[in-house]
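I wanted to get some practice reading charges on a protein, so I opened one and kept notes. Here is what I looked up, in the order I got to it.

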Amino acid sequence: MRSLPVADPGVPDARSPFGYLWWVARAQMGPLLLGIAYAILWWLAMALVPYAMGKGIDAITAKDVPSLTTWGGVVLALGITQAVAGILRHRMAVYNWLAAAYRTVQVTARQATRLGATLPKRMSTGEVVSVGNSDIAHIGNTIDILIRGGGAAVAVVVVTVILLSSSAPLGLMVLAGLPVMAVAVAPLLRPLHHRQNAHRDLQGDLSTRAADIVSGLRVLRGIGGERVFADRYGAESQRVRRAGVRVASVESMLEGAQVLLPGLLVTAVTWLGATFATRGEISAGQLVAFYGYAAFLIAPVRTLTEAADKLTKGHVAARRVVRILSLRPEVEGGTGRSEGGLLRDVASGVAVRPGMLTAVAAAVPEEAEAIADRLGRYGEGDVDFGDVSLATLPVSEVRRRILVADNDARLFAGVLRDELDVTGRATDEELGRALWVACAEDIVEALPGGLGGRVAEAGREFSGGQQQRLRLARALTLDPEVLILIEPTSAVDAHSEARIADRLAKARAGRTTLVCTTSPLVLDRTDHVVYVEGGVVRAQGTHRELLAAHPGYAAVVTRGEA
């Protein structure tokens, strides 16, 4: 049902993936910087352990007990600092991961609400679903790796400074080795980026295919098409698998490089340090410290290499989010005001009179739907609301005052009361009256728990007619200033349709209501009928007057039987 008020967009004006990632980081800058600080402290506590151990070994060699005690205490303090800082770092990493992931969920949900009917026209279901399935995790990982990567970079700098101060050749070897490793990994990033993009596109297409099959499963069974669509889904699934394997092949090389390249650097530093020790250029404590530095460097260097991978994935994910955020609604609002009154579509000539139950009967149903869309501001058109153009009103005000309910509206999973009372303000009496008008009391009585019972996804436990009656009850519960219904009784039996038509006329007495229908049972109970053919009004009057005076109208509403 295209009726909920549009929320405050609250979305970033991100024009690029990096721009969006920067917006996310800036939005949680405080926790992010705190996490980086904890990470730096954690890494430095680990980085200084080899230095303290080397000093302790030198104290043992010199039989300096006070110095040994001092450096032993330093090692203990570094261990405690590492443990505490590690816990705090991990806590902030999880916090920032969740904040980035769910901030993405929030902005995309708000954007989807703002776009309304525009979104399904511009993007497939699979693409939107994939944002929540996988992209939020990659964006969260990107923020997480900024914390660990920032600390790792500081740790590498500190260790390099210590090595340079202790032994210039060893420090220079580390300084030269890090850029070499970065250059060695760089050629893998571009193909990884391209393959991840292709894999992500195929995943979106596959999700769309799955959604289509599930929604149309009943039809497929009716025509015996399950096997055909299952085979097509299987073929597309294999394409996704092959694309995933291509991504994994590059990722495996990157993972191997994360182990091999730091290992080579450690080997080189250890060999050179041992050579210096045998020459007597460094002490035994310094040799142990150098080995500890070399072994320690594996972790931060691997983290920096991991950062390249996760930043690449985050860039791909952010590109999808930016694509959603870059969409603009098909219709925009203004800042005007209207006291209400006659609602008139200039193009067709259809006028909905205040306080009356009006019907539009169109020779082609799509023409009536197009008129309803324009009257509800879901499509561009010249529409007057009183003496004010509808286009000058804020879209949120239009959604609040004019409700368009059609048969494409969905029932969501949850408690039935929440499905019918979307604002949470309706009383039991108001809900009961809406259900009575829609002839839906029997549906509630049959549902275990009644109004407190749970509705399955898409209301699949209800028949098409039951869903239509519940949608009508939901629209009536909102009780808008102007209610526009599109074929509200097309899936119910004739007896229920007659009762709904009678009750609707009484319930909306004095309220502005438009019904787009060609049902004689409904048309006969309206105050005014407008016949549309070729997109414009051809005749107006009561149902019986038009039956007698206009053959085209009679042919449409009697299905040619007249």
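This is a predicted model: local features need pLDDT of at least 70, side-chain atom pairs count only at pLDDT 80 or more; totals for chains, interfaces and linings use all residues.

My entries below go from salt bridges to a charged patch and then to one glycine.

**Entry 1: salt bridges.** How many salt bridges does the structure hold? I got 13. I picked a few to look at one by one.

**Entry 2: Asp345 and Arg374.** I found the side chains of Asp345 and Arg374 meeting in a salt bridge, at 2.8 Å from N to O. This pair links distant parts of the chain, 29 residues apart. Asp345 belongs to strand β1 (residues 343-345), and Arg374 to helix α10 (residues 365-375).

**Entry 3: Arg525 and Asp502.** Next I checked the salt bridge between the side chains of Arg525 and Asp502, which is 2.6 Å from N to O. Arg525 sits in the loop between α17 (520-523) and β11, while Asp502 is in helix α16 (residues 494-507), so the pair ties together parts 23 residues apart in sequence. I looked up accessibility too: Arg525 has a relative accessible area of 25%, so I noted it as partly exposed. Asp502 is also partly exposed, at 34%.

**Entry 4: Asp524 and Arg544.** Here I saw another salt bridge between side chains, 2.9 Å from N to O. Asp524 is in the loop between α17 and β11, Arg544 is in helix α18 (residues 543-549), and the two are 20 residues apart. Asp524 has a relative accessible area of 30%, so it goes down as partly exposed.

**Entry 5: a network.** Which residues join up in a network of salt bridges? I noted Glu397, Arg401 and Glu481.

**Entry 6: a positive patch.** Helix α8 (residues 226-278) gives the largest share of the patch, with 4 residues. I clicked on Arg242, which has its place in helix α8. Its relative accessible area is 40%, so Arg242 counts as partly exposed.

**Entry 7: Gly534.** Where does Gly534 lie? I found Gly534 in the loop between β11 (528-533) and β12 (536-541). Its relative accessibility is 57%, and exposed means over 50%, so Gly534 counts as exposed. I also looked at Val364, which is 170 residues from Gly534 along the chain. Their C-alpha atoms are separated by 8.0 Å.

Terms used: Residues are numbered from 1 along each chain as its sequence is written. Side-chain values use heavy atoms; hydrogens and water are left out. Buried means under 20% relative accessible area, exposed over 50%, partly exposed in between (1.4 Å probe, protein chains only). A salt bridge is a side-chain nitrogen of Lys or Arg within 4 Å of a carboxyl oxygen of Asp or Glu.
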